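Colleague: I would like to go through this model and ask what stands behind each label. Please show it first.

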Amino acid sequence: MNSCLAVIICPLLLLTGCVTSPNSIWNESQIEGSWYVPKENEDEIYDLTFDFNSNYSLFLGPYGNFGKYELATDSLIVESVSDAKFVFQIEEITDSKLVLKYISGGETNPSFEDYFESNNRLILKKITEKNDLIVNRITFSSSVCFGTCPSQALEVDSVGSINYIGGAYSEFEGAGFGHLPEEILKSIFRSVNSLDISEIKEYYESPWTDDASYYLKLELQNKNQPIELESYGFGETPSELALLLFKLMKITQVVSLKHTSLDSLNLHDKNLSEKVFFEEF
């Protein structure tokens with residue numbers, strides 16, 4: 001049995017496991033990676049995107065839930081925090097395509113229906129790695145929003161050492177440090193290498209207000225200048241970038257942090273704490 005985590009965008013996240021049934025005809029290695037259904041009309045706010053590795057999966061879409069998932073026989077089963085279960089039949093997996101047939105679940109929050117092809121099928125394309133970038137350091141911050149988005153900032157280096165500052169609505173408040181598990185670091189680096197560097201913009205916006213703002217700085221061994229950008233929500237953010245930002249936003253779910261004083265953090269960006277808002281509304 002492999003331990004893994006399934007995540008679907010939601011303010012509340014819990015660490016849970018993934019189970020692969022002995023009768024399953026699929027395994028984690030076959031679905032590992034990032035997959036998406038591109039938005040095709042105005043009813044679809046986001047690309048519908050899944051990301052799997054041996055320890056967790058992410059789902060990004062216009063709505064969201066969170067819970068453990070299971071591979072059983074020919075099915076993918078995702079259990080949300082509201083105890084609803086999303087059941088998909090896995091019809092096909094190739095190096096470039098994942099076909100899921102929606103069976104049941106999520107009637108009170110149907111996140112997928114706008115993306116269905118015929119017979120309730122989701123036909124997802126594989127997001128491929130486009131680069132061979134070597135990461136020296138990642139700097140990230142996210143802001144509060146109209147709801148309970150966490151205000152936080154962090155630095156991650158090439159070996160997974162992390163310095164973290166949590167403010168309003170963050171699950172880890174104050175200054176902390178730790179080390180990312182190897183599979184999490186690999187997943188983050190995979191998302192970095194999935195970015196289309198030549199098309200990266202300095203700013204992405206969304207056609208609405210009251211969302212969170214995200215800041216990202218990538219310092220790369222094989223690039224003279226860092227890549228720096230901001231994104232207001234994910235409305236116009238490419239799927240690959242949205243996945244990376246979301247993984248960093250939920251980093252406290254997958255790393256054990258130890259509290260320390262802000263002055264004790266070995267920060268490369270000495271002004272990082274200025275990006276964090278500490279009072280809840």
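Modeller: A nonpolar core here is a set of buried Ala, Val, Leu, Ile, Met, Phe, Trp, Tyr and Cys residues joined through side-chain atoms within 4.5 Å. Keep in mind that this is a predicted model.

Colleague: Which residues touch the most other members of the largest nonpolar core?

Modeller: I138, I188 and L216 do, in a core of 38 residues. Several elements each supply at least two of its residues: β11, β12 (152-157), β13 (161-166), α2, β16 (213-220), β17 (227-232) and α3 (239-249). Helix α3 gives the most, with 7 residues.

Colleague: What does I188 touch beyond residues up to four places away in sequence?

Modeller: I188 touches I138, L180, L244, L248 and I251.

Colleague: I188 sits in α2. What makes α2 mostly covered?

Modeller: Of its 12 residues, 9 are buried. These are I184, L185, S187, I188, F189, R190, S191, V192 and N193.

Colleague: Why is the pair R190 and D51 called a salt bridge?

Modeller: The cut-off is 4 Å between a side-chain nitrogen of Lys or Arg and a carboxyl oxygen of Asp or Glu. The closest N and O atoms of R190 and D51 are 3.1 Å apart, so the pair qualifies. R190 lies in helix α2 and D51 in strand β4 (residues 48-52), so the bridge ties together parts 139 residues apart in sequence. Both R190 and D51 are buried.

Colleague: What makes K130 and E240 a salt bridge?

Modeller: Their closest N and O atoms are 3.2 Å apart, and the limit is 4 Å, so this pair counts. K130 lies in the loop between β10 and β11, and E240 in helix α3, so parts 110 residues apart in sequence are tied together.

Colleague: Why is K130 called partly exposed, and why is E240 called buried?

Modeller: Buried means under 20% relative accessible area, exposed means over 50%, and partly exposed is in between. K130 has 38% relative accessibility, so K130 counts as partly exposed. E240 has 18%, so E240 counts as buried.

Colleague: Where do E182 and K186 lie?

Modeller: Both are in helix α2, 4 residues apart, about one turn of the helix. An α-helix has 3.6 residues a turn, so residues three or four places apart point the same way. E182 and K186 form a salt bridge, with closest N and O atoms 3.2 Å apart. Both E182 and K186 are exposed. Elsewhere, salt bridges that share partners join D51, R190 and K247 into one network.

Colleague: How many salt bridges does the structure hold?

Modeller: There are 7.

Colleague: What is I134 in contact with, leaving aside neighbours within four places in sequence?

Modeller: I134 is in contact with E219, L220, Q221 and N222. I134 and N222 are 88 residues apart in sequence, and 6.5 Å apart in space, C-alpha to C-alpha.

Methods. Residues are numbered from 1 along each chain as its sequence is written. This is a predicted model: local features need pLDDT of at least 70, side-chain atom pairs count only at pLDDT 80 or more; totals for chains, interfaces and linings use all residues. Side-chain values use heavy atoms; hydrogens and water are left out. Buried means under 20% relative accessible area, exposed over 50%, partly exposed in between (1.4 Å probe, protein chains only). Contact means heavy atoms within 4.5 Å.
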